[in-house]
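Keep the structure open beside the text and find each part as it comes up.

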Amino acid sequence: MTTAARDVQPLVVAVIGAGPSGIYAAEALTLQQDVPVEVAVIDRLPVPFGLVRYGVAPDHHAIRSIRHTLERTLDRPGVAFYGDVTIGRDLAIDELRGVVDAVVYAYGAGADRKLGVPGEDLPGSVGAPEFVAWYCGHPDVHPDAHTQADDGAARDPGRVIAALVTGSRTAVVVGVGNVALDVARVLVKTADELADTDMAQEVLDSLRGKRVTDVHVLGRRGPAYTAFTTKELRELGQLPDLDILLDPRDLELDASSLAAVGQDKVAARNVAVMREWAGRAPTGASRRVHLHFWTRPVRLLGPDRVTGVELERTAIGPDGLVVGTGDTSTIAAELVVRSVGYRGVALPGVPHDHGTGRVPHAEGRVIRDGGFSADEYVTGWIKRGPTGVIGTNKSDAVETVASLLADVASGRLVPGGHAGQLDRLLAGRGLTALDLPAWRRIDAAEVALGLSHGRLRTTLAHRVELLAAAAAPLPEPVGGREQQPRPER
Ligand code: NAP
């Protein structure tokens, strides 16, 4: 292809998923100068930002403020946001592939991993992805309408979780990763301590009625093998009126734990933080987090809802795997949050490895039918699995986009004159995508709602509210622009 032809014919790329991984891919695609590119960032939700809005804990203001950077990318020339469009329902993946030159899958890993123990599906047992989605105000967990019939509760997970939070005194969180810390922190913090967040009002109201006093966090291996980052771990110890309780015997390190701590600075720092906590005398605080190590759940107890958890002490077996020692005990608890990692779910028509929960690929090039697909790429959690922090998605996206651009340079991927075809396809289906100005109207409505509650922002949790805000004119500034709440930065 000549340079002149490339000038008039942009490469049209659809990115599926407007979370950090998808937006970082859009950024990498539009920051380069070699290939003119148009990027459509598509999301099934009416709003962008994925886990930055619906995963990062609401009290982690600095991490959530990454959305301002992500928003600037959505506003770059050549980038367009298409919210409220579900690939696999509104458009089949092959239909989308027919109107663009390439697709980049960035739809994340939204499901929970299972414990595989009896009782894990009892009422009162909740997967962390759903619990996190609840406190972040995700529309999947806060449906627009719920059925009042017998099974109505099951169709409104938000109400189920709200009832659990207000009706439980003791909660068990399984897993020792950052999500487990987020869940434990939200469970022990008071509503007043969370009022400076952007939590949906109904979530904050439920937390106001919360009765949880004790949260037990279970690590199936020793303290040298936590998946916490130290900053997040320390944060728990900074909460007032909270005792963190550990059995000092759990903090004795065997030879392999000592080796692990010697090789991993984060593990060493985490152990040091927990040793300092173990040395503190309990203060009689009104709330407690109990950290248990070498402990795994073997059964969730209760005839028809969770009443407790049967635990077993563990050890590392000869093959390096966790084994039970047969030494069992129980904790009475009304709520169990299973925080043992996320899992990718297949998108209809997209290659999926059910063992790993990921799209098979090499350096971001999707493998389909045993060979490289001509036009499919992948990035983020659905590419590498649910690991890393938000920034990890940036280097991941850069790798994928480098593969895509190398394929353009080699002539393997050729712009096919698709500009405008996605819009025509959507219009032909009677589908109206929500664009960036629509997000800005939602944004303004959330800020205005927050102001009415004396808060900086209040998340709209229901899809119907988001769509109404997207359709409404921008609200008038109340009392002049100077008195608007400061933007979250
Ligand atoms: P994670 O970091 O993979 O931690 C999962 C935890 O579950 C591990 O402690 C693991 O223990 C345990 N586990 C797995 N299977 C288990 C089982 N069958 N029984 C008992 N325990 C089991 O996952 P995550 O906490 O969901 O976090 C996902 C990613 O998001 C991570 O990369 C995390 O750092 C990131 N994140 C970051 C932040 C932040 O930076 N503030 C906040 C939230 C999430 P083993 O090690 O023994 O397998």
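## A covered helix

Helix α13, residues 230-237, is mostly covered, with 6 of its 8 residues buried. Buried means under 20% relative accessible area, exposed means over 50%, and partly exposed lies in between, using a 1.4 Å probe and protein chains only. Helices (H or I, at least four residues) and strands (E, at least two) are DSSP runs, numbered from the N terminus. The buried residues of α13 are T230, E232, L233, E235, L236 and G237. Their cover includes α4 (61-64), α10, β9, α15 (265-278) and β10 (287-292). Here contact means heavy atoms within 4.5 Å.

This is a predicted model, in which local features need pLDDT of at least 70 and side-chain atom pairs count only at pLDDT 80 or more, while totals for chains, interfaces and linings use all residues. Residues are numbered from 1 along each chain as its sequence is written, and side-chain values use heavy atoms, with hydrogens and water left out.

## Helix α10 and the ligand

Now turn to α10. This helix is mostly covered: 9 of its 11 residues are buried. They are A180, L181, D182, V183, A184, R185, V186, L187 and V188. Which helix gives the most to the shell around the ligand? Helix α10 (residues 178-188) does, with 3 residues.

The ligand has 24 residues around it, and N178, V179, R220, R221 and G388 come nearest. A residue is near a molecule or strand if one of its heavy atoms lies within 4 Å of it. By class, the shell has 11 nonpolar, 8 polar and 5 charged residues. Ala, Val, Leu, Ile, Met, Phe, Trp, Tyr, Cys and Pro count as nonpolar; Asp, Glu, Lys and Arg count as charged; the others, Gly among them, count as polar.

## Oxygen atoms of the ligand

Which atoms does the ligand meet? An N or O atom in the side chain of N178 is 3.1 Å from an oxygen atom of the ligand. For the side chain of R221, the distance from an N or O atom to a ligand oxygen is 2.8 Å. G388 uses its backbone instead: an N or O atom there lies 2.8 Å from an oxygen atom of the ligand. Taken alone, the ligand exposes 920 Å², and the protein buries 80% of that. Accessible areas come from the Shrake-Rupley method with a 1.4 Å probe; for residues, only the protein chains shown count as cover.

## Buried residues in loops

D250 lies in the loop between β9 (242-246) and α14 (255-263). D250 counts as buried because its relative accessibility is 4%. Its side chain makes a polar contact of 3.1 Å with the side chain of R313. A polar contact is a pair of N or O atoms within 3.5 Å; within protein, one must be able to donate a hydrogen and the other to accept it, and residues adjacent in sequence count only if both atoms are side-chain atoms. Leaving aside neighbours within four places in sequence, D250 is in contact with P223, L291, H292, F293, W294 and R313.

H418 sits in the loop between α17 (392-409) and α18 (421-428). Is H418 buried or exposed? It has a relative accessible area of 15%, so H418 is buried. The side chains of H418 and Q421 are joined by a polar contact of 2.8 Å. Beyond neighbours within four places in sequence, H418 is in contact with V12, G98, V99, V100 and D101.

## Positive phi values

F49 is found in the loop between β2 (37-42) and α3 (50-54). Phi of F49 is near 95°, a positive value in a residue other than glycine. At 0% relative accessibility, F49 counts as buried. E363 lies in the loop between β16 (361-362) and β17 (365-368). Phi of E363 is also positive, near 50°.

## The whole chain

Step back now. The chain has 20 helices and 18 strands. Buried residues make up 52% of its 489 residues. Its C-alpha trace spans about 75 × 60 × 45 Å along the principal axes. Among contacts between residues at least 6 apart in sequence, 75% join residues at least 24 apart. The chain exposes about 21,200 Å², and carbon and sulfur atoms supply 53% of it.
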